[in-house]
Amino acid sequence: MIAVTDEGELARNLALYLDDEVSIIDTPKRVIELKPRVVIHTLEAKDNKSTMWNNNVWFAINVARNANKLGALNVYISSYLIFDGKNGYYSESSTPSPINYFGMTKLAGETGIASLGNYLIVRAGAIYSMTYDGIIRPFIRSLLKRHKANCTVVLFLSPMSVKEFSEIISKLIKLDARGIVNVGGKRISFTDLCYKLSEILGGSVVPVKGKYYDFSIDTWLLENLGISIRDRQEPLLF
């Protein structure tokens with residue numbers, strides 16, 4: 001049995017790809033009761049600092065401790081925001097420098113869970129869907145509601161749909177992968193990403209200047225594990 005820590009969009013998509021019963025763990029005590037072989041830490045907060053710290057760090061670590069006692073694998077979903085965006089092509093061995101408080105809580109969660117051993121930390125690129133609460137969602141909404149989106153020219157990301165991301169996590173679990181693995185799409189400028197979205201959703205794109213950030217991630221390790229990333233030359237798939 002595999003457990004997830006919330007009922008959100010990522011958890012629901014994971015359930016479609018995991019070849020096992022999927023249950024929800026909402027308290028650390030529930031881990032002991034259900035005895036899963038894998039715990040996927042899908043719960044995360046992005047709103048206020050206290051909620052981010054409680055969910056992304058303390059709850060995750062307390063759940064992970066009990067999972068570790070049972071010999072279960074802890075799969076922690078981290079983020080590209082543990083980096084500052086100054087360099088890009090971040091690998092698993094790149095030195096973290098969180099750009100914001102959310103990124104700091106994700107790095108703290110990584111550190112706590114890694115200290116227990118028997119872990120898989122998945123550092124996610126810019127995950128998106130029509131409804132997923134990430135960096136891309138406001139621009140999707142703007143294209144749909146205002147039929148226009150202002151998109152910065154000097155921001156680079158490694159976007160990947162929630163569905164493909166979920167599928168890759170299921171493959172990593174089947175491979176019994178351990179350690180830290182980057183999971184994201186091919187590097188693309190945010191403006192080009194907006195143009196691709198507009199091909200699907202309609203609306204116009206207004207390129208704007210801004211501060212340079214490159215949050216792209218290096219997926220060499222993922223691909224050397226035999227997991228390929230879909231070509232994104234065609235319009236993005238949801």
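This section describes helix packing, a disulfide and selected residues in a predicted model.

The model is predicted, and local features need pLDDT of at least 70, side-chain atom pairs count only at pLDDT 80 or more, and totals for chains, interfaces and linings use all residues. Residues are numbered from 1 along each chain as its sequence is written, and side-chain values use heavy atoms, with hydrogens and water left out.

Helices (DSSP runs of H or I, at least four residues) and strands (runs of E, at least two) are numbered from the N terminus. Axes are lines fitted to C-alpha atoms, for helices over the stretch in contact, and angles run from 0 to 180 degrees between N-to-C directions. Contact means heavy atoms within 4.5 Å.

Helix α3 (residues 49-69) packs with helix α4 at an angle of about 10 degrees. Their axes are 9 Å apart. The two helices are therefore roughly parallel to each other. (Angles under 35 degrees count as roughly parallel, over 145 as roughly antiparallel, 65 to 115 as roughly perpendicular and the rest as oblique.) From α3, the contact takes in K49, M52, W53, N56, V57, A60, I61 and A64. From α4, the partners are Y101, F102, M104, T105, A108, G109, G112 and I113. These residues divide into eleven nonpolar, four polar and one charged. (Ala, Val, Leu, Ile, Met, Phe, Trp, Tyr, Cys and Pro count as nonpolar, Asp, Glu, Lys and Arg as charged, and the others, Gly among them, as polar.)

I113 lies in α4, which spans residues 101-114. I113 is buried, with a relative accessible area of 0%. (Buried means under 20% relative accessible area, exposed over 50% and partly exposed in between, with a 1.4 Å probe and protein chains only.) Neighbours within four places in sequence aside, I113 is in contact with H41, A60, I61, A64, N74, Y76 and Y119. K69 is 44 residues from I113 in sequence. The C-alpha atoms of I113 and K69 are 13 Å apart in space.

Helix α1 (residues 9-17) meets helix α6 (residues 162-174) at another crossing. The axes come within 8 Å and cross at roughly 55 degrees. α1 and α6 are therefore oblique to each other. Their crossing is right-handed. (A crossing is right-handed if the near helix is turned clockwise from the far one by less than a right angle, and left-handed if anticlockwise.) On the α1 side, the contact involves E9, L10, N13, L14 and Y17. On the α6 side are V162, K163, F165, S166, E167, I169, S170 and K174. The contact of α1 with α6 holds six nonpolar, three polar and four charged residues. Within α1, the residues E9, L10, A11, N13 and L14 are buried. Their cover includes β1 (2-4), β3 (38-41), β4 (73-79) and α6.

Helix α5 (residues 137-145) crosses α7 at roughly 40 degrees. The two axes come within 10 Å. That angle makes α5 oblique to α7. The crossing is right-handed. Here F139, I140, L143 and L144 in α5 meet F190, C194, L197, S198 and L201 in α7. This contact divides into eight nonpolar residues, one polar and no charged.

C194 also takes part in a disulfide. A disulfide is a covalent bond between the sulfur atoms of two cysteines. The structure holds one such link (cysteine sulfur atoms within 2.5 Å). C151 is joined to C194, with an S to S distance of 2.1 Å. The link of C151 and C194 is left-handed, with -90 degrees about the S-S bond. C151 lies in strand β7 (residues 148-152) and C194 in helix α7 (residues 190-201), so the pair ties together parts that are 43 residues apart in sequence. Both cysteines are buried, C151 at 0% relative accessibility and C194 at 1%.

K196 lies in helix α7 as well. At 14% relative accessibility, K196 counts as buried. K196 and E92 are 104 residues apart along the chain. Their C-alpha atoms are separated by 28 Å.

Y89 lies in the loop between β4 and α4. At 53% relative accessibility, Y89 counts as exposed. H147 is placed in the loop between α5 and β7.
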